[in-house]
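Have the sequence and the 3D view open as you read.

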Amino acid sequence: MNGRGNLVAAGFALTALSYGLARFAYGLLLPDIREELSLGATAAGWIGGSAFATYCFGIVFALSAGARLGERVLTVLAGLTATGGMALVAAASSGWTLGLAIALAGLSTGLTSPPLAAAVGRCLGDAARPKANGAINAGTAAGIVFSGVAVMLFSGDWRGLYGLFAAVGAAVTVWLWFAMPPAAGGRASRRLSLKRLTRRGVGGLCTGAFLMGAASTAIWTFGANILRDELGFSDGGIALAWSVLGAAGIAGAATGILTVRFGIGQVHRLAVFAMAVALIGLVSAGHAPAVAFAVMGLFGVAYIVSSGAFLLWGIVLYPARPDIGLGLPFLMIALGQTAGAPLFGFLWDAAGSAAALATFAVIMASAAFWTPGQPSARRRSSRVASPAATANALSADCG
(Lines give C-alpha, C1' and ligand atoms only; values in the text may rest on other atoms or scores of the structure.)
Protein backbone atom coordinates (compact mmCIF):
# COMPACT_ATOMS: atom_id res chain seq x y z
CA MET A 1 0.00 0.00 0.00
CA ASN A 2 1.45 3.38 -0.99
CA GLY A 3 1.79 6.27 1.43
CA ARG A 4 -1.44 7.98 0.43
CA GLY A 5 -3.43 4.73 0.56
CA ASN A 6 -1.97 3.98 3.99
CA LEU A 7 -2.96 7.47 5.15
CA VAL A 8 -6.59 6.97 4.08
CA ALA A 9 -6.71 3.49 5.62
CA ALA A 10 -5.25 4.71 8.92
CA GLY A 11 -7.64 7.68 8.90
CA PHE A 12 -10.55 5.28 8.35
CA ALA A 13 -9.33 3.18 11.31
CA LEU A 14 -8.95 6.21 13.59
CA THR A 15 -12.46 7.41 12.70
CA ALA A 16 -13.81 3.92 13.45
CA LEU A 17 -11.99 3.97 16.78
CA SER A 18 -12.83 7.46 18.00
CA TYR A 19 -16.36 7.85 16.63
CA GLY A 20 -17.60 4.27 16.32
CA LEU A 21 -16.12 2.92 19.57
CA ALA A 22 -15.04 5.72 21.92
CA ARG A 23 -18.09 7.90 21.26
CA PHE A 24 -21.06 5.93 19.94
CA ALA A 25 -20.58 2.52 21.60
CA TYR A 26 -21.83 4.17 24.81
CA GLY A 27 -25.35 4.28 23.39
CA LEU A 28 -25.21 0.60 22.44
CA LEU A 29 -23.98 -0.53 25.85
CA LEU A 30 -26.03 1.97 27.85
CA PRO A 31 -28.83 -0.44 28.87
CA ASP A 32 -26.37 -2.71 30.71
CA ILE A 33 -24.40 0.23 32.07
CA ARG A 34 -27.57 1.91 33.41
CA GLU A 35 -28.65 -1.30 35.09
CA GLU A 36 -25.32 -1.92 36.84
CA LEU A 37 -24.67 1.69 37.86
CA SER A 38 -28.35 2.58 38.56
CA LEU A 39 -28.49 5.55 36.16
CA GLY A 40 -31.71 7.37 35.23
CA ALA A 41 -32.40 8.56 31.69
CA THR A 42 -31.54 12.17 32.52
CA ALA A 43 -28.22 11.21 34.15
CA ALA A 44 -27.39 8.96 31.20
CA GLY A 45 -28.12 11.87 28.87
CA TRP A 46 -25.78 14.20 30.74
CA ILE A 47 -23.02 11.59 30.65
CA GLY A 48 -23.53 11.11 26.93
CA GLY A 49 -23.52 14.87 26.49
CA SER A 50 -20.14 15.09 28.24
CA ALA A 51 -18.53 13.24 25.32
CA PHE A 52 -19.96 15.76 22.89
CA ALA A 53 -18.85 18.66 25.12
CA THR A 54 -15.22 17.49 25.24
CA TYR A 55 -15.43 16.90 21.51
CA CYS A 56 -15.98 20.66 21.18
CA PHE A 57 -12.89 21.40 23.24
CA GLY A 58 -10.85 18.90 21.23
CA ILE A 59 -11.84 20.30 17.87
CA VAL A 60 -11.05 23.88 18.91
CA PHE A 61 -7.65 22.73 20.19
CA ALA A 62 -6.96 20.81 16.97
CA LEU A 63 -7.87 23.80 14.82
CA SER A 64 -5.75 26.23 16.82
CA ALA A 65 -2.71 23.97 17.35
CA GLY A 66 -2.80 21.98 14.12
CA ALA A 67 -0.27 24.04 12.19
CA ARG A 68 2.17 23.93 15.11
CA LEU A 69 1.85 20.25 16.07
CA GLY A 70 1.13 18.68 12.71
CA GLU A 71 -1.20 15.88 11.68
CA ARG A 72 0.90 13.04 13.07
CA VAL A 73 1.02 14.36 16.64
CA LEU A 74 -2.67 15.27 16.74
CA THR A 75 -3.89 11.94 15.38
CA VAL A 76 -1.67 9.99 17.79
CA LEU A 77 -3.04 12.14 20.63
CA ALA A 78 -6.55 11.28 19.42
CA GLY A 79 -5.70 7.59 19.56
CA LEU A 80 -4.24 7.91 23.05
CA THR A 81 -7.26 9.74 24.49
CA ALA A 82 -9.66 7.23 22.92
CA THR A 83 -7.66 4.32 24.32
CA GLY A 84 -7.30 5.86 27.78
CA GLY A 85 -10.95 6.88 27.98
CA MET A 86 -12.25 3.43 27.07
CA ALA A 87 -9.86 1.77 29.50
CA LEU A 88 -11.25 4.00 32.26
CA VAL A 89 -14.84 3.18 31.26
CA ALA A 90 -14.03 -0.50 31.84
CA ALA A 91 -13.08 0.35 35.44
CA ALA A 92 -15.88 2.88 36.18
CA SER A 93 -17.65 2.33 39.50
CA SER A 94 -20.16 5.21 39.55
CA GLY A 95 -21.93 7.72 37.34
CA TRP A 96 -19.29 10.34 38.11
CA THR A 97 -16.32 8.16 37.16
CA LEU A 98 -18.17 6.93 34.09
CA GLY A 99 -18.84 10.54 33.07
CA LEU A 100 -15.16 11.45 33.35
CA ALA A 101 -14.17 8.39 31.31
CA ILE A 102 -16.76 9.04 28.60
CA ALA A 103 -15.65 12.69 28.47
CA LEU A 104 -12.02 11.66 27.90
CA ALA A 105 -13.06 9.18 25.22
CA GLY A 106 -15.18 11.88 23.57
CA LEU A 107 -12.19 14.23 23.47
CA SER A 108 -10.59 11.91 20.92
CA THR A 109 -13.25 12.63 18.33
CA GLY A 110 -12.54 16.35 18.42
CA LEU A 111 -8.86 15.66 17.87
CA THR A 112 -9.54 13.26 14.98
CA SER A 113 -11.23 15.07 12.13
CA PRO A 114 -9.27 18.35 11.61
CA PRO A 115 -5.83 16.72 11.22
CA LEU A 116 -7.25 14.02 8.93
CA ALA A 117 -8.86 16.67 6.71
CA ALA A 118 -5.61 18.65 6.71
CA ALA A 119 -3.57 15.54 5.81
CA VAL A 120 -5.91 14.71 2.93
CA GLY A 121 -5.75 18.33 1.76
CA ARG A 122 -1.96 18.25 1.87
CA CYS A 123 -1.31 14.86 0.37
CA LEU A 124 -4.05 14.19 -2.20
CA GLY A 125 -5.01 16.01 -5.37
CA ASP A 126 -8.29 17.84 -5.77
CA ALA A 127 -10.05 15.03 -7.66
CA ALA A 128 -9.20 12.45 -4.98
CA ARG A 129 -10.08 14.53 -1.91
CA PRO A 130 -13.90 14.19 -1.85
CA LYS A 131 -13.67 10.40 -2.22
CA ALA A 132 -10.92 10.15 0.42
CA ASN A 133 -12.81 12.35 2.89
CA GLY A 134 -16.00 10.36 2.28
CA ALA A 135 -14.19 7.07 2.82
CA ILE A 136 -12.54 8.26 6.04
CA ASN A 137 -15.86 9.61 7.34
CA ALA A 138 -17.45 6.19 6.75
CA GLY A 139 -15.04 4.76 9.34
CA THR A 140 -17.68 5.71 11.91
CA ALA A 141 -20.00 3.10 10.43
CA ALA A 142 -17.29 0.44 10.45
CA GLY A 143 -16.64 1.08 14.14
CA ILE A 144 -20.36 0.77 14.87
CA VAL A 145 -20.51 -2.57 13.05
CA PHE A 146 -17.49 -3.80 15.00
CA SER A 147 -19.05 -2.81 18.32
CA GLY A 148 -22.35 -4.48 17.38
CA VAL A 149 -20.68 -7.75 16.41
CA ALA A 150 -18.57 -7.65 19.58
CA VAL A 151 -21.70 -7.25 21.72
CA MET A 152 -23.36 -10.19 19.97
CA LEU A 153 -20.33 -12.34 20.77
CA PHE A 154 -19.86 -11.13 24.37
CA SER A 155 -23.33 -10.03 25.43
CA GLY A 156 -23.66 -8.50 28.90
CA ASP A 157 -19.94 -7.94 29.50
CA TRP A 158 -19.71 -4.20 28.89
CA ARG A 159 -16.53 -3.84 30.94
CA GLY A 160 -14.74 -6.55 29.00
CA LEU A 161 -15.90 -5.02 25.73
CA TYR A 162 -14.50 -1.62 26.64
CA GLY A 163 -11.23 -3.35 27.54
CA LEU A 164 -11.21 -4.96 24.07
CA PHE A 165 -11.94 -1.59 22.44
CA ALA A 166 -9.02 -0.05 24.37
CA ALA A 167 -6.68 -2.77 23.08
CA VAL A 168 -7.80 -2.04 19.51
CA GLY A 169 -7.17 1.65 20.21
CA ALA A 170 -3.59 0.99 21.26
CA ALA A 171 -2.89 -0.86 18.00
CA VAL A 172 -4.45 1.87 15.86
CA THR A 173 -2.44 4.53 17.70
CA VAL A 174 0.84 2.82 16.81
CA TRP A 175 -0.27 2.56 13.17
CA LEU A 176 -1.02 6.27 13.05
CA TRP A 177 2.52 7.19 14.01
CA PHE A 178 3.83 5.52 10.86
CA ALA A 179 0.96 6.37 8.49
CA MET A 180 0.44 10.09 9.11
CA PRO A 181 2.70 12.68 7.46
CA PRO A 182 5.04 14.64 9.72
CA ALA A 183 4.50 18.33 10.30
CA ALA A 184 5.36 20.29 7.17
CA GLY A 185 8.52 22.26 7.64
CA GLY A 186 8.24 26.02 7.31
CA ARG A 187 4.46 26.23 7.66
CA ALA A 188 3.45 29.45 9.32
CA SER A 189 1.14 29.22 12.29
CA ARG A 190 -2.41 29.90 11.12
CA ARG A 191 -4.60 31.16 13.91
CA LEU A 192 -8.34 31.14 14.07
CA SER A 193 -9.98 34.53 13.69
CA LEU A 194 -13.55 35.75 13.99
CA LYS A 195 -13.25 37.21 10.49
CA ARG A 196 -12.94 33.69 9.08
CA LEU A 197 -16.20 32.72 10.81
CA THR A 198 -18.29 35.57 9.40
CA ARG A 199 -18.03 34.80 5.71
CA ARG A 200 -21.22 34.27 3.72
CA GLY A 201 -22.82 30.86 4.15
CA VAL A 202 -21.27 30.02 7.52
CA GLY A 203 -24.43 30.84 9.50
CA GLY A 204 -26.53 28.36 7.53
CA LEU A 205 -23.85 25.69 7.81
CA CYS A 206 -23.63 26.10 11.58
CA THR A 207 -27.39 26.20 12.16
CA GLY A 208 -28.08 23.13 10.06
CA ALA A 209 -25.25 21.17 11.67
CA PHE A 210 -26.39 22.13 15.19
CA LEU A 211 -29.96 20.99 14.56
CA MET A 212 -28.88 17.73 12.93
CA GLY A 213 -26.51 16.98 15.80
CA ALA A 214 -29.11 17.71 18.48
CA ALA A 215 -31.74 15.47 16.87
CA SER A 216 -29.31 12.62 16.19
CA THR A 217 -28.83 11.95 19.92
CA ALA A 218 -32.24 10.27 19.98
CA ILE A 219 -30.54 7.28 18.35
CA TRP A 220 -26.89 7.65 19.33
CA THR A 221 -27.53 7.98 23.06
CA PHE A 222 -30.94 6.38 23.62
CA GLY A 223 -31.55 4.12 20.62
CA ALA A 224 -30.55 0.94 22.41
CA ASN A 225 -32.64 1.82 25.47
CA ILE A 226 -35.68 2.44 23.27
CA LEU A 227 -35.20 -0.91 21.55
CA ARG A 228 -35.05 -2.68 24.92
CA ASP A 229 -37.54 -0.75 27.04
CA GLU A 230 -40.17 0.12 24.42
CA LEU A 231 -39.83 -2.65 21.83
CA GLY A 232 -38.74 -5.54 24.04
CA PHE A 233 -35.53 -6.34 22.16
CA SER A 234 -33.02 -8.75 23.73
CA ASP A 235 -29.35 -7.82 24.04
CA GLY A 236 -28.63 -9.86 20.91
CA GLY A 237 -31.40 -8.12 19.01
CA ILE A 238 -30.13 -4.70 20.04
CA ALA A 239 -26.60 -5.59 18.94
CA LEU A 240 -27.91 -6.85 15.60
CA ALA A 241 -29.90 -3.64 15.06
CA TRP A 242 -26.78 -1.62 15.90
CA SER A 243 -24.78 -3.66 13.39
CA VAL A 244 -27.43 -3.02 10.73
CA LEU A 245 -27.14 0.71 11.50
CA GLY A 246 -23.38 0.60 11.03
CA ALA A 247 -23.39 -1.67 7.97
CA ALA A 248 -25.85 0.62 6.20
CA GLY A 249 -23.72 3.60 7.16
CA ILE A 250 -20.74 2.21 5.26
CA ALA A 251 -22.62 3.18 2.11
CA GLY A 252 -21.93 6.74 3.24
CA ALA A 253 -18.46 6.33 1.77
CA ALA A 254 -20.12 7.30 -1.51
CA THR A 255 -21.07 10.75 -0.20
CA GLY A 256 -18.36 12.45 -2.22
CA ILE A 257 -19.60 10.82 -5.43
CA LEU A 258 -23.22 11.75 -4.65
CA THR A 259 -22.41 15.40 -4.02
CA VAL A 260 -20.49 15.68 -7.29
CA ARG A 261 -23.49 14.21 -9.13
CA PHE A 262 -26.39 15.93 -7.34
CA GLY A 263 -24.85 18.81 -5.37
CA ILE A 264 -24.26 19.18 -1.65
CA GLY A 265 -27.60 20.88 -1.01
CA GLN A 266 -29.71 18.09 -2.47
CA VAL A 267 -27.75 15.39 -0.67
CA HIS A 268 -27.96 17.33 2.60
CA ARG A 269 -31.74 17.75 2.41
CA LEU A 270 -32.37 14.14 1.49
CA ALA A 271 -30.18 12.89 4.35
CA VAL A 272 -31.79 14.94 7.13
CA PHE A 273 -35.31 14.14 5.90
CA ALA A 274 -34.39 10.45 5.88
CA MET A 275 -33.23 10.69 9.51
CA ALA A 276 -36.46 12.45 10.47
CA VAL A 277 -38.42 9.61 8.85
CA ALA A 278 -36.30 7.11 10.78
CA LEU A 279 -37.12 8.77 14.10
CA ILE A 280 -40.85 8.70 13.32
CA GLY A 281 -40.48 5.11 12.15
CA LEU A 282 -39.02 4.11 15.49
CA VAL A 283 -42.19 5.43 17.18
CA SER A 284 -44.34 3.10 15.08
CA ALA A 285 -41.97 0.12 15.27
CA GLY A 286 -43.75 -1.03 18.43
CA HIS A 287 -46.51 -2.44 16.20
CA ALA A 288 -43.99 -4.30 14.00
CA PRO A 289 -40.61 -4.75 15.71
CA ALA A 290 -38.98 -5.90 12.46
CA VAL A 291 -39.46 -2.34 11.19
CA ALA A 292 -36.87 -1.26 13.76
CA PHE A 293 -34.10 -2.91 11.74
CA ALA A 294 -35.08 -0.99 8.60
CA VAL A 295 -35.33 2.22 10.63
CA MET A 296 -31.86 1.76 12.14
CA GLY A 297 -30.39 1.04 8.71
CA LEU A 298 -32.02 4.14 7.25
CA PHE A 299 -30.71 6.29 10.07
CA GLY A 300 -27.21 4.82 9.74
CA VAL A 301 -26.73 5.57 6.07
CA ALA A 302 -28.45 8.97 6.32
CA TYR A 303 -26.30 10.09 9.27
CA ILE A 304 -23.02 9.22 7.55
CA VAL A 305 -24.16 10.89 4.32
CA SER A 306 -25.35 13.96 6.24
CA SER A 307 -22.12 14.38 8.20
CA GLY A 308 -20.16 13.86 4.98
CA ALA A 309 -22.24 16.52 3.24
CA PHE A 310 -21.56 18.98 6.07
CA LEU A 311 -17.87 18.13 5.82
CA LEU A 312 -17.78 18.88 2.08
CA TRP A 313 -19.97 21.98 2.50
CA GLY A 314 -17.49 23.36 5.01
CA ILE A 315 -14.50 22.60 2.80
CA VAL A 316 -16.18 24.46 -0.09
CA LEU A 317 -16.48 27.50 2.19
CA TYR A 318 -12.85 27.19 3.35
CA PRO A 319 -10.90 25.69 0.42
CA ALA A 320 -7.58 26.96 1.75
CA ARG A 321 -8.23 25.64 5.28
CA PRO A 322 -9.82 22.17 5.03
CA ASP A 323 -9.28 21.67 8.75
CA ILE A 324 -11.56 24.65 9.48
CA GLY A 325 -13.96 23.57 6.74
CA LEU A 326 -14.39 20.19 8.42
CA GLY A 327 -13.90 21.29 12.00
CA LEU A 328 -16.54 24.02 12.08
CA PRO A 329 -19.58 21.92 11.05
CA PHE A 330 -18.41 19.00 13.17
CA LEU A 331 -18.03 21.36 16.11
CA MET A 332 -21.61 22.53 15.61
CA ILE A 333 -22.86 18.93 15.31
CA ALA A 334 -21.17 18.21 18.64
CA LEU A 335 -22.62 21.32 20.29
CA GLY A 336 -26.04 20.17 19.13
CA GLN A 337 -25.41 16.71 20.54
CA THR A 338 -24.23 18.22 23.82
CA ALA A 339 -27.61 19.95 24.15
CA GLY A 340 -29.69 17.21 22.57
CA ALA A 341 -28.72 14.24 24.76
CA PRO A 342 -29.89 15.68 28.12
CA LEU A 343 -32.93 17.27 26.44
CA PHE A 344 -34.07 13.93 25.03
CA GLY A 345 -33.54 12.28 28.41
CA PHE A 346 -35.64 14.97 30.09
CA LEU A 347 -38.44 14.64 27.51
CA TRP A 348 -38.44 10.86 27.85
CA ASP A 349 -38.73 11.07 31.63
CA ALA A 350 -41.43 13.76 31.40
CA ALA A 351 -43.58 12.67 28.43
CA GLY A 352 -42.42 9.27 27.20
CA SER A 353 -40.23 8.07 24.35
CA ALA A 354 -42.85 8.56 21.59
CA ALA A 355 -43.27 12.27 22.35
CA ALA A 356 -39.50 12.71 22.59
CA LEU A 357 -38.91 10.97 19.24
CA ALA A 358 -41.63 12.98 17.49
CA THR A 359 -40.16 16.24 18.84
CA PHE A 360 -36.68 15.31 17.70
CA ALA A 361 -37.96 14.29 14.26
CA VAL A 362 -39.27 17.85 13.82
CA ILE A 363 -35.92 19.27 14.94
CA MET A 364 -34.13 17.02 12.45
CA ALA A 365 -36.39 18.00 9.55
CA SER A 366 -35.86 21.70 10.32
CA ALA A 367 -32.16 21.30 9.51
CA ALA A 368 -33.13 20.98 5.83
CA PHE A 369 -34.10 24.65 5.67
CA TRP A 370 -30.42 25.63 5.65
CA THR A 371 -28.54 24.61 2.50
CA PRO A 372 -25.34 25.66 0.72
CA GLY A 373 -25.56 28.68 -1.51
CA GLN A 374 -24.24 28.99 -5.02
CA PRO A 375 -21.81 28.41 -6.61
CA SER A 376 -22.04 24.65 -6.42
CA ALA A 377 -19.33 22.48 -4.95
CA ARG A 378 -18.42 21.24 -8.43
CA ARG A 379 -17.82 24.73 -9.82
CA ARG A 380 -16.06 25.94 -6.69
CA SER A 381 -13.71 22.95 -6.71
CA SER A 382 -12.69 23.72 -10.28
CA ARG A 383 -11.17 26.99 -9.08
CA VAL A 384 -8.73 25.35 -6.71
CA ALA A 385 -5.12 24.89 -7.72
CA SER A 386 -4.07 22.05 -10.02
CA PRO A 387 -4.06 18.60 -8.36
CA ALA A 388 -0.86 17.65 -10.12
CA ALA A 389 0.94 20.75 -8.88
CA THR A 390 -0.31 20.14 -5.36
CA ALA A 391 0.74 16.50 -5.36
CA ASN A 392 4.22 17.29 -6.70
CA ALA A 393 4.76 19.99 -4.08
CA LEU A 394 3.75 17.73 -1.23
CA SER A 395 5.23 14.39 -2.24
CA ALA A 396 8.16 14.75 0.13
CA ASP A 397 5.88 15.13 3.13
CA CYS A 398 3.28 12.51 2.23
CA GLY A 399 5.31 9.62 0.93
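Start with Leu176, and look past its neighbours within four places in sequence: among the rest, Leu176 is in contact with Ala10, Leu14, Thr75 and Val76. Please keep in mind that this is a predicted model. Leu176 sits in helix 7, which covers residues 158-179. Is Leu176 buried or exposed? Its relative accessible area is 0%, so Leu176 counts as buried.

Now turn to the rings. How many aromatic pairs does a search of the whole structure find? The search finds 16. Tyr19 and Tyr55 are edge-to-face because their planes are at 70°, with ring centres 6.2 Å apart. This pair links distant parts of the chain, as Tyr19 belongs to helix 1 (residues 3-23) and Tyr55 to helix 3 (residues 41-90), 36 residues apart. Both Tyr19 and Tyr55 are buried.

Phe24 and Trp220 form a stacked pair, with 3.9 Å from centre to centre and 15° between the planes. Phe24 lies in the loop between helix 1 and helix 2, and Trp220 in helix 8 (residues 202-220), so the pair ties together parts 196 residues apart in sequence. Phe24 and Trp220 are both buried. Ring pairs also join Phe24 and Trp220 with Trp242, Phe299 and Tyr303 in a cluster.

Finally, here are arginines that lie over ring faces:

| Arginine | Ring | Distance to the ring centre |
|---|---|---|
| Arg23 | Tyr55 | 4.5 Å |
| Arg72 | Trp177 | 5.0 Å |

Terms used. Residues are numbered from 1 along each chain as its sequence is written. This is a predicted model: local features need pLDDT of at least 70, side-chain atom pairs count only at pLDDT 80 or more; totals for chains, interfaces and linings use all residues. Side-chain values use heavy atoms; hydrogens and water are left out. Helices (H or I, at least four residues) and strands (E, at least two) are DSSP runs, numbered from the N terminus. Buried means under 20% relative accessible area, exposed over 50%, partly exposed in between (1.4 Å probe, protein chains only). Contact means heavy atoms within 4.5 Å. Rings of Phe, Tyr and Trp (its six-membered ring) pair if their centres lie within 6.5 Å; planes under 30 degrees apart count as stacked, over 60 as edge-to-face and the rest as tilted. A charge sits over a ring if NZ of Lys or CZ of Arg is within 6 Å of the ring centre and within 35 degrees of the ring normal.
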